Amino acid sequence: MADTTVAEVMAELAALEDPKARAVNERHGDDHGVNLGKLRALAKRLKTQQELASQLWETDDSAARLLALLICRPKAYGRAELDAMIRGARTPKVHDWLVNYVVKKNPHAEELRLAWLADPDPVVASAGWALTTERVATRPEGLDLAGLLDTIEADMKDAPDRLQWAMNHSLAQIGIEHPEHRTRAVAIGERLGVLEDYPTPPGCTSPYAPVWIAEMVRRKDG
C-alpha cells in the first residue's frame with residue numbers, strides 16, 4: 001500500500017469504527033472505536049511509512065495516532081519531537097504505545113527518561129517511570145535502585161492515578177528482578193497499600209506490589 005494518502009487511511013479507520021469498542025475504550029479514558037486487532041492488521045498492510053505516520057499523528061485522531069505509532073520508524077524522531085508528542089498524546093493508550101513502541105527504541109530514550117522523571121506534569125513523569133521500569137528489568141547497571149525506592153516510598157501514595165500506576169510498576173519490577181531489594185520493596189507496598197483493593201479478574205495477577213512480586217518470583221523460580 002505504497003503512496004497511501006491520509007484521506008484513504010482515515011476513511012478506512014472510519015469504516016472500522018465500532019460503537020461497542022468505543023464504549024469499552026471510553027471506560028479506560030480512550031476516545032476511539034477501532035478494534036486493536038483490526039488496527040494492527042491495517043498497519044501490517046501499510047508497512048513502515050514514516051511520512052504517512054507523521055501525517056496521521058498530526059490529525060490528532062486517536063485511532064490514527066495509534067496506527068501512526070505502528071508504521072513509524074522509532075529512530076527517526078528527535079528528542080524535542082518526542083517530548084512534544086508525549087505532552088500532546090492526550091489518551092492513555094496513545095501515551096502507552098508512544099512510550100513502549102517508539103520512545104523505548106529511540107536513541108534519546110535515556111535522556112528523555114531522566115528529563116521526564118523530574119517533570120512537574122504527572123502524565124509526563126509517568127512516561128519517565130515507564131522508561132525506568134524498562135531499565136530496572138533489562139539494563140539496571142547505573143541505576144540507583146535504593147534511591148528509586150526512596151522516591152517511591154515518599155511520593156507514590158499521593159501521586160495522581162497514572163503516575164501512581166507507573167511508580168507502582170517500578171516498585172514491583174525492582175522487587176521481582178532484584179532480590180537484594182525485594183524485602184524492602186514488599187514492605188513499601190504493604191505500608192502504602194497502593195492498589196491493594198484493585199479489582200482483579202480471575203486468573204490475572206493483582207497489581208498490588210506485594211502480591212505481584214510474590215507471584216512473579218514464584219513463576220521465575222518454577
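Contact means heavy atoms within 4.5 Å. The model is predicted: local features need pLDDT of at least 70, side-chain atom pairs count only at pLDDT 80 or more, and totals for chains, interfaces and linings use all residues. Residues are numbered from 1 along each chain as its sequence is written, and side-chain values use heavy atoms, with hydrogens and water left out.

**Exercise 1. Gln173**

Task: State where Gln173 lies, whether Gln173 is buried or exposed, and which residues Gln173 contacts.

Solution: 
- Step 1. Gln173 is part of helix H11. Helices are DSSP runs (H or I, at least four residues), numbered from the N terminus.
- Step 2. Apply the accessibility cut-offs: buried is under 20% relative accessible area, exposed over 50%, partly exposed in between (1.4 Å probe, protein chains only). Gln173 has 13% relative accessibility, so Gln173 counts as buried.
- Step 3. Set aside neighbours within four places in sequence; Gln173 is then in contact with Thr133, Val136, Ala137 and His178.

**Exercise 2. H1 against H3**

Task: Describe how helix H1 (residues 6-16) and helix H3 (residues 36-46) pack.

Solution: 
- Step 1. Take the axes, which are lines fitted to C-alpha atoms over the stretch in contact, with angles from 0 to 180 degrees between N-to-C directions. The H1 and H3 axes are 11 Å apart, at an angle of about 155 degrees.
- Step 2. Classify the angle: under 35 degrees is roughly parallel, over 145 roughly antiparallel, 65 to 115 roughly perpendicular, the rest oblique. H1 and H3 are therefore roughly antiparallel.
- Step 3. Assign the hand: left-handed if the near helix is turned anticlockwise from the far one by less than a right angle, right-handed if clockwise. H1 crosses H3 in the right-handed sense.
- Step 4. List the contact. H1 supplies Val9, Glu12, Leu13 and Leu16; H3 supplies Lys38, Leu39, Leu42, Arg45 and Leu46.
- Step 5. Sort by class. Ala, Val, Leu, Ile, Met, Phe, Trp, Tyr, Cys and Pro count as nonpolar, Asp, Glu, Lys and Arg as charged, and the others, Gly among them, as polar. The contact of H1 with H3 has six nonpolar, no polar and three charged residues.

**Exercise 3. H11 against H13**

Task: Repeat the analysis for helix H11 (residues 161-177) and helix H13 (residues 209-220).

Solution: 
- Step 1. The angle is about 35 degrees, and the axes of H11 and H13 are 9 Å apart.
- Step 2. H11 and H13 make a right-handed crossing.
- Step 3. From H11 come Asn168, His169, Leu171, Ala172, Gly175, Ile176 and Glu177; from H13 come Ala209, Trp212, Ile213, Met216, Val217 and Lys220.
- Step 4. By class, the contact of H11 with H13 has eight nonpolar, three polar and two charged residues.

**Exercise 4. The faces of H4**

Task: Find the buried residues of helix H4 (residues 50-58) and what covers them.

Solution: 
- Step 1. Gln50, Leu52, Ala53, Leu56 and Trp57 are buried.
- Step 2. Seen down the axis, the buried residues of H4 fall within an arc of 160 degrees, so they line one face. The arc is that of the directions from the helix axis to the C-beta atoms.
- Step 3. Turn to the face away from the buried side: Glu51 and Glu58 are exposed there.
- Step 4. The cover over the buried residues of H4 includes H1, H3, helix H5 (62-71), helix H6 (79-87) and helix H7 (92-102).

How values were computed. Helix = DSSP H or I, 4+ residues; strand = E, 2+ residues; numbered from the N terminus.
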